Amino acid sequence: MIFKQGRKEVAKLDIGNSLDIVKISNFLKENKINNLDDVKVKLKREETSRLTKDLKELLDFYTEYEGYNYFLKNGKWFKFNQTFMDYLKRSLVGIEMVRSDDLIEKEYLDWKSQKEKEIADDTGSDKLKYREYYFNKKMSDVNGYELLDRQLEIIRSLDPDGKKYKIEVADLLKDEEIISVKIPSTTQDLIYNIEQSKSSLELIKQNIISLHCELKAVALWIVYEKSISSIIEINSIQFLLALDSWKKRVEFFGLKPRIYISRHIK
């Protein structure tokens, strides 16, 4: 994170891989920064891939003031009254929520250790060892889901001269339902999963991606550290708005939206 006045770099802070509000707040106070337009964040994906964004464009901030709800998204403020918030809650609690198998961290770590030995000995069938693959593979082996994780569909670019790109349709398939699984570190991970699910649905309905069954339901599977009894307990207005948009799109195509919830027990 960088604080600039004009073209001059005044101060900077390494914030790692997450936007820690406490760290950011302390940085602003220490440098007496009153204008967020002066603060930038440098994003690094690979050694040669860098991007600079305004800090305010990356923040997901929500507050209540004098009977209204304010939400900062992409650097812009949005204002909602209580009537809208009540509608949003009613809409989201109407999504069927199904509790399912827990992810036990120790079991994953044991599996990962064994997988690394197989990879080193060149005896494994693949080299995938991340948590979501382990969880998806377990659901496939134990509960009969069809494993789609890492099965990528090649999609032609809208630009005739553009390159083709690949998209993962979903992680699991069962009983005419596609499921996108996410073990989130942040609510932004959940939002990405929602948008990926919407994109896959659109491509299926446009016959760009084909399934071997008649689709009846679309689901999100959230593996969450906290125990929650309702999806609105995930307290991010950005997530809730994205989820409501996903629900409407699924229902627009005459399909049933569903959410699976599992605990990530560390």
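Predicted model: local features only at pLDDT ≥ 70, side-chain atom pairs only at ≥ 80, totals over all residues.
Local features here need pLDDT of at least 70 and side-chain atom pairs count only at pLDDT 80 or more, while totals for chains, interfaces and linings use all residues. Residues are numbered from 1 along each chain as its sequence is written, and side-chain values use heavy atoms, with hydrogens and water left out.

**Exercise 1.** Determine how helix α4 is oriented against helix α5, and which residues meet.

Solution. Helix α4 covers residues 105-121 and helix α5 residues 131-143, helices being DSSP runs of H or I with at least four residues and strands runs of E with at least two. Their axes, lines fitted to C-alpha atoms over the stretch in contact, lie 10 Å apart at an angle of about 100°. The two helices are therefore roughly perpendicular, a class that spans 65 to 115 degrees. With contact meaning heavy atoms within 4.5 Å, E105, E107, Y108, W111 and K115 of α4 meet R131, Y133, Y134 and K138 of α5. These residues divide into 4 nonpolar, no polar and 5 charged.

**Exercise 2.** Describe the pairing of strands β1 and β2.

Solution. Strand β1 (residues 2-5) runs antiparallel to strand β2 (residues 8-12), joined by 4 bridges, where pairing requires at least two DSSP bridges. F3 stands opposite A11 in β2. The hairpin has 2 residues between its strands, and G6 takes a positive phi near 70°.

**Exercise 3.** Decide whether K198 is buried or exposed.

Solution. K198 belongs to helix α6, residues 187-205. Its relative accessibility is 17%, so K198 counts as buried, the cut-off being under 20% with a 1.4 Å probe and protein chains only. Leaving aside residues up to four places away in sequence, K198 touches S245 and W246.

How values were computed. Axes fitted to C-alpha atoms, helices over the stretch in contact; angles between N-to-C directions. Parallel < 35°, antiparallel > 145°, perpendicular 65-115°, else oblique. Nonpolar A, V, L, I, M, F, W, Y, C, P; charged D, E, K, R; others polar. Buried < 20%, exposed > 50% of the residue type's maximum accessible area, 1.4 Å probe, protein only.
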